[in-house]
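I'm opening my notebook on a new structure today. I'll jot down what I look up as I go.

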Amino acid sequence: MKKILILGALISSAAMAAGDVSVSNCLIQEVIPGKQMTGAFFDIENKGKEDVKLTGAAADKITSHVELHEMIHKDGKMEMSQIQEYNVPPGSVHHFKKGGYHVMLMDIEDKNFPKVGETYPLELKLSNGETLKCDAKTITVKEAIEHFKVEDGKAGGHDMKDGHDKKDEAKHEHKHG
């Protein structure tokens with residue numbers, strides 16, 4: 001049994017590349033009771049020489065309604081809003097995480113709820129026409145909170161007031177939809 005779990009963890013965290021851009025550490029949070037949506041998270045890296053934009057995502061085994069989102073600090077609280085694209089400059093790694101930028105899987109039917117411990121295909125669509133693919137492991141809400149250290153408007157130890165890490169501020173720009 002341990003060998004199967006280790007193999008599953010290796011498969012779900014393996015980087016899948018399209019050209020100079022790769023995705024790794026793909027996760028999906030379980031659906032919270034009473035909701036029909038959840039978040040998907042990953043790291044995206046651009047080893048190329050040109051900007052590439054993340055323009056969409058797909059999780060066909062779970063739902064056909066998938067959106068790119070950001071968390072922003074507004075009127076003293078964190079709010080989620082949809083974005084149309086996310087710029088990934090050359091030589092950068094961006095962390096899509098709970099409490100920050102993420103992919104929303106919406107309008108999920110009960111029969112398609114991702115099951116904790118199982119993996120599901122996630123596709124990320126890029127402005128250069130390429131598609132990144134990864135197997136996203138489903139984790140519990142508790143595991144997601146612990147993994148991303150979300151508390152009091154902070155994720156991963158970084159202030160999320162403006163929706164992204166301060167260290168990425170100079171490298172990152174995006175357009176609102």
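Which residues of strand β10 (residues 119-126) are on its covered face, and which are on its uncovered one? Before I look, a reminder to myself: this is a predicted model.

**Entry 1, the two faces.** I went along β10 and found Y120, L122, L124 and L126 on the covered face. T119, P121, E123 and K125 make up the uncovered face.

**Entry 2, the neighbours.** Next I looked up what β10 pairs with. Strand β4 (residues 52-58) runs antiparallel to β10, and four bridges join them. I picked out L124 again: A57 is its bridge partner. Strand β11 (residues 131-139) is also antiparallel to β10, with seven bridges between them. Here I noted E123, which stands opposite K133 in β11.

How many residues sit between β10 and β11 in their hairpin? I found four, and G129 in that turn has a positive phi of about 90°.

The largest pocket holds about 320 Å³, and 14 residues line it. Q29, I32, M80, K98 and M104 are the ones nearest its centre. Two elements, β3 (38-46) and β9 (102-106), each give two or more residues to this lining. β3 gives the most, with three residues. What kinds of residue make up the lining? I wrote down seven nonpolar, five polar and two charged.

Key. Residues are numbered from 1 along each chain as its sequence is written. This is a predicted model: local features need pLDDT of at least 70, side-chain atom pairs count only at pLDDT 80 or more; totals for chains, interfaces and linings use all residues. Side-chain values use heavy atoms; hydrogens and water are left out. On a 1 Å grid over the protein atoms alone, a cavity is a set of points where a 1.4 Å probe fits but cannot get out, and a pocket is an open set with protein on both sides within 12 Å along at least five of seven lines; lining residues have an atom within 4 Å of a point. Grid points are joined across faces, edges and corners, and a volume is the space filled by probe spheres set on the points. Ala, Val, Leu, Ile, Met, Phe, Trp, Tyr, Cys and Pro count as nonpolar, Asp, Glu, Lys and Arg as charged, and the others, Gly among them, as polar. Buried means under 20% relative accessible area, exposed over 50%, partly exposed in between (1.4 Å probe, protein chains only). Two strands pair if DSSP finds at least two bridges between them.
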